[in-house]
Amino acid sequence: MEQPNDNIGTKNDLVLYRLQSAKSDLKSARILFTAKEYKAANNRSYYAIFHAINAIHALNGKSYKRHKDAIANFNKDYVKTEIFPRTMGRKIGEAEEIRHASDYDDFFIASKAETERLIKVADEFISLAQNYCMKQLKIDQE
């Protein structure tokens, strides 16, 4: 006999889970920044942005396995159409480059100022993403 799958949630559940993941990653980035672990903080800041992007995609039932596809489609569907500011699209692109260098370039030195800026971008984007998602889901924010 087939067992019911209790792990299946609603679209709202998925959006909210991804937003929570973004916030958790941002919290980790801040802790790593305080510990002067700038490369790791860059990674967590980027993933905070990435999970927030995926929360937005989940609103329309979309999901992307590859980061570049998630970001490209976000830019096409939300930045080019000016639902999100074009400046944010550029900041996300820069965040992706910094994360890639932090994770894969052997001699990349992450600066305190650059990491601090990336954390601010992640914070700003998560706020925008949450406001957008809550509005789309018709959930009041207190």
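Predicted model: local features only at pLDDT ≥ 70, side-chain atom pairs only at ≥ 80, totals over all residues.
**Entry 1**

I started with helix α4, residues 86–104, and helix α5, residues 112–137. Their axes come within 10 Å and cross at roughly 135 degrees. The two helices are therefore oblique to each other. I also looked up the hand of the crossing, and it is left-handed.

Next I wanted to know who makes the contact. On the α4 side I found Met88, Lys91, Ile92, Ala95 and Ile98. On the α5 side I listed Glu114, Arg117, Leu118, Val121, Glu124, Phe125 and Leu128. Sorted by kind, the residues of this contact come to 8 nonpolar and 4 charged, with no polar ones.

**Entry 2: an arginine in α4**

I stayed with helix α4 and picked out Arg99. Is Arg99 buried or exposed? Its relative accessible area is 8%, and buried means under 20%, so Arg99 counts as buried.

I then looked for its partners, leaving aside neighbours within four places in sequence. Arg99 is in contact with Asn42, Asn43, Tyr46, Tyr47, His67 and Tyr104.

**Entry 3: the buried side of α3**

One of those partners, His67, took me to helix α3, which covers residues 67–79. Which residues of α3 are buried? I noted His67, Ala70, Ile71, Asn73, Phe74, Asp77, Tyr78 and Val79.

Last, I checked what lies over them. The cover for these buried residues includes α2 (38–58), along with α4 and α5. That brought me back to the pair from my opening entry, α4 and α5, whose axes cross at roughly 135 degrees.

How values were computed: Residues numbered from 1 in each chain as written. Heavy atoms only, no water. Axes fitted to C-alpha atoms, helices over the stretch in contact; angles between N-to-C directions. Helix = DSSP H or I, 4+ residues; strand = E, 2+ residues; numbered from the N terminus. Parallel < 35°, antiparallel > 145°, perpendicular 65-115°, else oblique. Left-handed = near helix turned anticlockwise from the far one by under 90°. Contact = heavy atoms within 4.5 Å. Nonpolar A, V, L, I, M, F, W, Y, C, P; charged D, E, K, R; others polar. Buried < 20%, exposed > 50% of the residue type's maximum accessible area, 1.4 Å probe, protein only.
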